[in-house]
Structures are given as C-alpha cells and as structure tokens.
Amino acid sequence: MATSETNTPRGSTAALLVWGPIDTARLLESVANDAAGANVLFTGTTRGVTAGVLTNQITKRLVYEAHEPLACAVLTRLRDEAMAKHGLTACAIIHRLGEVAVGETSVAIATSAPHRREAFAAAEWLMERIKREVPIWKCEEGANGDRTWVHPDSGVHPDSGVHPDSGVHPDSESCSTPRPVLVDGFGRVHTDLRISVTDRCNLRCTYCMPLDVVFKPRKELLSYEEIVRVARVAAGLGIRSIRITGGEPLVRREVAELVRQLVGIPGIEEVSLTTNGLLLEEQAADLRHAGLHRLNVSLDALSEDLFERIARRQGLDRVLAGLAAAKAAGFQSIRINAVSIRGLTEGEIVPLARFCRREGFHLRFIEFMPLDGESSWSDGQVLSGREVRDILARHFGPLVPVVRADAGQPAIDYAYADHDIASVAADLGGQPAQAAGVGFIDPVTQPFCDRCDRLRLTADGQFRNCLFSTTEWDARQVLRTGGSDDDIARLLRDCVQLKRAAHGIGTPAFERPARAMYQIGG
Ligand code: SAM
C-alpha cells in the first residue's frame, strides 16, 4: 500500500456528458500538467445555418439527446484510444446534452502532449471519431418550425433504434455497466447522496442548532416511500453510495426498515449512517441486520462536562454504550467524527485519539463550519486540521499519510507510525482490520470542492448540491403533485448542473446559507 500523499491526475479522467454550458477554460486547465509541452482546446459550436442534409436551413433551436450510459461509454473508450494512440499526457472530453443555443459550444476536447503535433492530431482525430461513433443525436428545429433529427454524420433518426455507424442499439447489453451521468459544469461526477430523514435531534449541539429550535411539522418531511423513490431515480443516474443523516436519524421510527429498502436498490453499493450514538445501543443489531454497511458516530468529547457544554444535554455514557453495541453487532470500520473548535476542544484531542486507538475506531476531526444554529461562527473559532495533526504527532509520534482508493472523499487520512499502515488502509477500504487511523476533514482551511461528489436531499425533500448552497430544488413538490421519475431525474440534473465551483468560505462573495446544519443533514 502506497504511503505518500498524491493527487489524482485531473484531466486524464474526464469523458463526460453535461446539461449546461461547458466551462472550456476549466476543461483546458484540467489537462495542464508538467509533462505537457502543448495543451490544445478544440470546441465544436452549433451553427445557425445547416448546409448539406438540411440544405441551408436556418436553425432556430437545437437539442442534443443520447442514451447517456452508452454515449458516455463510447466517449470514454475514444478518450482512452486517443491517449494511447497519440501518446497524450492527458485528455478530457465534454459533450453537452439538452437545448444548446446557436453559437454555443456543444462539444469540447482538451488534449495535452509533449509536443503540439500530437496534441493537435489527437484533438482532430477525436472530433472525427466522436462525430461518427458517439450515439448522440441532434434535433434541429428550423425557422419554419420543421424538426429534423440528425446523427451528425448520417441523418438517422434515433427512433430507428440503430446507431448509424456502430450498428449498436442504444439499449444493447453493452451498457450493462452504466457510467455515472450526474456531472456538473466543472466535470465533477456525483456518486454520493446524503439523505436527511429528520431535522429532529435528541441533542442541541451548539455548532449545529439553536437551543430554542423549532422543528418542521412531520407532514413536511418525506415519507420513507418518497425517499426510496428518489433514491431509486438517483441510483439510475449514477449515485452509488447513500448516507442517512439528520438531525438525528435514529430518532425517526424504523430507520432500519429504510436502510433495508435502500440497500436493495440496484446500483447502490454502500449505505451508511451518521448518528450521535444515543440510541445506538437499542438499534445497532437491527441496523446491522438491515444491511447497513458503515456507521459514523459523532463524539466530540470524552469528558462528561465538555460533552454537556457542547451538546447541551447529557448522554456520553449512552454514546459509549452505543459504540460497544455497534461493535458487538458486528460493525467493522466504525468512524468517530469530532468537531474541532478553538478554545473548546483542544483538551479532547489526545483522549479521543487514545480511546479510538484502543477501541479500533477510525477518528476523524472536522473543522467547524459556518452552519451553526445561532450564526455565531467566526473564523477565529476554526481549529484547523493541521493544528490538530501537530498536537497528535507531538503526542503519538509521526503520522503517515494513507493513500485511499476513493479519491472523491474529503478526508485526508493517516496511520499512526506505530500501527500497521496496511491494516489502516484496508480498514478505510471497508475491510475489517484491527488498526485505527486518524483523518482530517478540513473544509475551511483545505476546501475539497474540486473533488466533491456529494449531493443532498433534506428531510423536507429539497435537493442541494452543496452544504453551503443558497438554492434548493424542490423534489417534494414534484413527488406530491404527480411528477414522474423523469421529472425527479430532471430536477436532480438541474441541481447538479448549477453547482458552483466552490463554497467560497473566506471570500467576500461567501453567503451563509439560511439553513443550519441540522436542517440540511451533515
Ligand atoms: N445527528 C447525527 C450526528 O450527530 O452524527 C447526524 C447529523 S449531524 C448534523 C452530522 C455531522 O455534522 C456530525 O458529525 C456533526 O458533528 C457535524 N456538524 C454539525 N454542525 C457542524 C458544523 N457547524 N461544523 C462542522 N461539523 C458540523
């Protein structure tokens, strides 16, 4: 197992479909790398006058459609072929779907190579092959209202069911492994959905909710049936992991039943749950039997006094009993989440680490974010991951970075040098292991927006594309007014498409969201 921090090469991974404007500057930037002597950006734009098949027709409206998994698979294959054939150092392709205004970019290719000749040749080769091989059809609506479907090189209507060049039917077996399709304007692929099942909680943590909290009326919360329907649609669009959260998810009745249903959705590979642990002793075995893959338990302090100051309720002994029950129920790889707040939690860092090392829990420190219920967050209260790491290293000796397979996840994980590093890495990969590591989620000082793969569904049925999103997409309304699964899918795609590049904490443009953490789902 490698043990050094690395960055995944960004550009070499992208062959994507998007449903909004293509950010070509960002695409070009994504292929730039030290080994490249030339970076080439090729854009295909839509024309107002189409010659040839439509004989100088004036085009009023253009719409691109595709069988997305198949189109994505072919784009990816072409990208891989171009990399090998032309000796590229990176290559990224984005094709736009949906309505595209005349004059806008519908396809963009960025290549980089040691010499410009290869970079140019590859871009040209790719453009030709994309036109001929990728099953994306274009509907041109003329000024006279006529609508004509054309595959760029053949004029074959998609309803004929046959890809004009490859002879592959769009529904053929070749797309049995669908590619993720929730891709935003910056090329980020979304595979993770956080589902909040309630805004209610049995604690009142200062950093999360106000003391005089008012919860949503129950009828405004999605039913389990509605949640499962949304999750099924999301899985069809490439969501692979679901985390159940809240509020406190275990205060909602029969969460294990929801887990069971989510685990059974085709395409969902992992269902996990984040809890404060107070009700875990009673529910751990049911959750395990329901098929829950992974548990995160929030625990900021091991001293009863500080626990109560933060949570504004008692309950440390119940959390510890819950953790023991989770272990006894057979949960492996339990993670402990601890929020770090300057002037408050410093004294808990070493005791928490000692406890987790002894119990085999993976500890994660999270920087305090401006999502508290009383809007009293200030940047001075942010105890950075770096500072916590230094405290740990001073006490326990060196921490060794652990490279993880899932590059999208936000934590930077370490093993204690006196522990078996391979076991920690295996543990993070979901395999049972005895050795526990420590990780840092540093959204304030080390934002990970560029690799964020998360979407959220709030308990009251709103899609959000970021914890700090100031816009929401109302799935509940679609669900409760007879909307179809396609309507839900469209809403989710819209939500993804409008995701901003970064949350912007610390910048003048940063705007705190109206909702606090307990109303969003952490
Ligand atoms: N009640 C559950 C729990 O305690 O894990 C799930 C919901 S809670 C909102 C999810 C996570 O968000 C917890 O680990 C909590 O510590 C974290 N959290 C809440 N407010 C936060 C904030 N302002 N900054 C950083 N983390 C926060």
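In this predicted model, Phe-463 is in contact, once its neighbours within four places in sequence are left aside, with Val-230, Arg-456, Leu-457, Thr-471, Glu-472, Trp-473, Ala-475, Ile-488, Leu-491, Leu-492 and Cys-495. Phe-463 also belongs to the largest nonpolar core, which has 110 residues, and there it is listed with Ile-244, Leu-287, Phe-365 and Leu-392 among the residues that touch the most other members. Helix α4 (residues 224-236) gives the largest share of this core, namely eight residues. In soluble globular proteins, nonpolar side chains tend to be buried together.

The ligand has 18 residues around it, and of these Tyr-207, Gly-247, Thr-274, Ser-298 and Met-369 come nearest. The residues of this shell divide into seven nonpolar, nine polar and two charged.

| Protein atom | Ligand atom | Distance |
|---|---|---|
| Glu-248, polar side-chain atom | nitrogen | 3.0 Å |
| Ser-298, polar side-chain atom | oxygen | 2.5 Å |
| Met-369, polar backbone atom | nitrogen | 2.9 Å |

On its own the ligand has 540 Å² of accessible area, of which the protein covers 95%. The elements that give two or more residues to the shell around the ligand are β12 (270-275), β14 (335-340) and β15 (362-367).

Is Arg-188 buried or exposed? Arg-188, which lies in the loop between β9 (147-150) and β10, counts as buried because its relative accessibility is 5%, and buried means under 20%. The side chain of Arg-188 reaches the backbone oxygen of Arg-500 at 2.6 Å, while the backbone oxygen of Ala-501 lies 2.8 Å from a polar atom of that side chain. Beyond its neighbours within four places in sequence, Arg-188 is in contact with residues including Leu-182, Val-183, Cys-449, Asp-450, Cys-452 and Lys-499.

Lys-216, found in the loop between β10 (192-196) and α4, counts as partly exposed because its relative accessibility is 28%, a value that falls between the 20% and 50% cut-offs. Not counting residues up to four places away in sequence, Lys-216 touches Asp-199, Arg-200, Leu-221, Asp-460 and Arg-515. Arg-200 is 16 residues away from Lys-216 along the chain, and the C-alpha atoms of the two are separated by 8.2 Å.

Notes. Residues numbered from 1 in each chain as written. Predicted model: local features only at pLDDT ≥ 70, side-chain atom pairs only at ≥ 80, totals over all residues. Heavy atoms only, no water. Near = heavy atom within 4 Å. Polar contact = N/O pair within 3.5 Å; in protein donor to acceptor, adjacent residues only side chain to side chain. Areas by Shrake-Rupley, 256 points an atom, 1.4 Å probe, with all protein chains shown as cover. Helix = DSSP H or I, 4+ residues; strand = E, 2+ residues; numbered from the N terminus. Nonpolar A, V, L, I, M, F, W, Y, C, P; charged D, E, K, R; others polar. Core = buried A, V, L, I, M, F, W, Y, C linked by side-chain atoms within 4.5 Å. Buried < 20%, exposed > 50% of the residue type's maximum accessible area, 1.4 Å probe, protein only. Contact = heavy atoms within 4.5 Å.
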